[in-house]
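Please look at the sequence and structure below before reading on.

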Amino acid sequence: MSGTPLAIAPFVALSGGVFGTYLVGRSPRGRSVAWAGVVASVAVLLASGTTWLLWLRSLPIEYALFGEGVGVRVTALSVFLSTVACLVGLAVIVHAAGSTDSKDAPELYYPLVLATLAGVVGIGLSADLFSLYVFFEVMAVGTYALVPFAVDRATAVEAGLKYVIMNAAGSLLAIFGISLVYAHTGGVLDFATLSGELAATTGPGPLEAAVLFLVVGFGVKAAVVPLHTWLPDAYTESPASASALLAALATPAAIVAMGKALAVVPDGVSVGLLLLVVGALTMTVGNFLALGQRDLKRLLAYSSIPHVGYILFGLGVGFYGGFGIAFDGALFHVLANAFMKGGAFLAVGAIAYRLAGAEGKHRTLGALAGVGYQMPVAAGAIAVAVLALAGVPPLAGFWGKLFIVLGSAEVSGAVGVGLAILVIGNSFLSLGYYLPVLGALFDSPTDAVSSLDRTPTLLAIPILALTGGTILLGLAPAFGLDLVGPAADVLQHGLEVTP
């Protein structure tokens, strides 16, 4: 293994961007928004460039911080998370620069976005359970302030307060689970040796308790059922670009963090079965909760819950039977979700921007009837996104679900058939709330919609990019699998894979 400062370059670039955007954002208001957006974009581009350089090297790479010990470990999973973070982050930043999301306080908004991205990158770089928790909290703290960013709205402040309280409780449970692992192994937390230490220790009781606390702790941020109640309000009340950041990146990253923490648990503990049950409950309940929603942004928020379930279910099948294709499906869906949910929420934000507000009355399906004729870019992006989210081929959302179904079918007997049918049935169930969205977008225009201008260019760019990614990833899934496959191998083999 080699050691190089390049290992932490993506994290350093984003962390430096936090301070850079804060300083630039404090400049005179006439220039602060634009220049803060430029600095933030440069930070993300630097992070993506250094991530690419890491991908070209032989992995894993270990780098010792402060002269001793292993500070970070770059694996294919690290590159995967950093790539997804940079893709989503750049789209979010460009959208925020072209909308009103950040104009009141750019010196705060862009640093919070970059801090969230840095936390996600850190989750991938973490070499032990404690650093995983620390980076997870960096990501969480960034989002804590983004949800109630519009502090002049009482509903946003209420949503932010609920989000903070529930996720702080989850963080306490997660660190308690880590402390149980620490006590169980006599102080070993490093991923490279933790699996062996856990397998060698006796007494599964404390370890099973630790697993439960880790699932619940990380599960709050991942919005698993029944710990999901913060999500609809948080996604709905936050600025559009922040909603995209949460749905496309932060929530799925919490699931990956959970998977990384559980990947070292020995086979004697029923991690796979637990994730299967939680995943099945989350996807099914989430789909039923989304049925009947008429506010488009709130509908997309509720529809994020079943996609959490699909990813968890894929990880559960993978851990349960050691099926690599299920791990591929789970991480492929994380990648596809970044394009699908990111594009959908940014498109809704563009429509709200043209309607001069984000109040709920402007987002109901009835009020948005016919918007596809006036804002074809935004409406087309939403149409592609909801079809992809429903798993319609040949769009990105189809492949992750297919791999999860194939992994489920590998479970022997009727159980495997039942698991596969559960995923397929939930995909069909989601059409019950996605199809009305398509009908509304291309219905007869209302008076308010008839006067809309087209999507502004700066908002259209990230929307088109994410929509194009949704289509391209569906038509050519091999591009995604080149990134996903090695990352899935890392999860499957306990973070000790050397490609």
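D233 counts as buried, at 19% relative accessibility; buried means under 20% relative accessible area, exposed over 50%, and partly exposed in between, with a 1.4 Å probe and protein chains only. The model is predicted, so local features need pLDDT of at least 70 and side-chain atom pairs count only at pLDDT 80 or more, while totals for chains, interfaces and linings use all residues. Residues are numbered from 1 along each chain as its sequence is written, and side-chain values use heavy atoms, with hydrogens and water left out.

The side chain of D233 meets that of K162 in a salt bridge, defined as a side-chain nitrogen of Lys or Arg within 4 Å of a carboxyl oxygen of Asp or Glu. This pair links distant parts of the chain, with K162 in helix α6 and D233 in helix α9 (residues 231-237), 71 residues apart. Helices (H or I, at least four residues) and strands (E, at least two) are DSSP runs, numbered from the N terminus. K162 is partly exposed, at 29%.

By the salt-bridge rule, the count comes to five.

| Pair | N to O distance |
|---|---|
| K162 and D233 | 2.7 Å |
| R73 and E62 | 2.9 Å |
| D190 and R73 | 3.3 Å |
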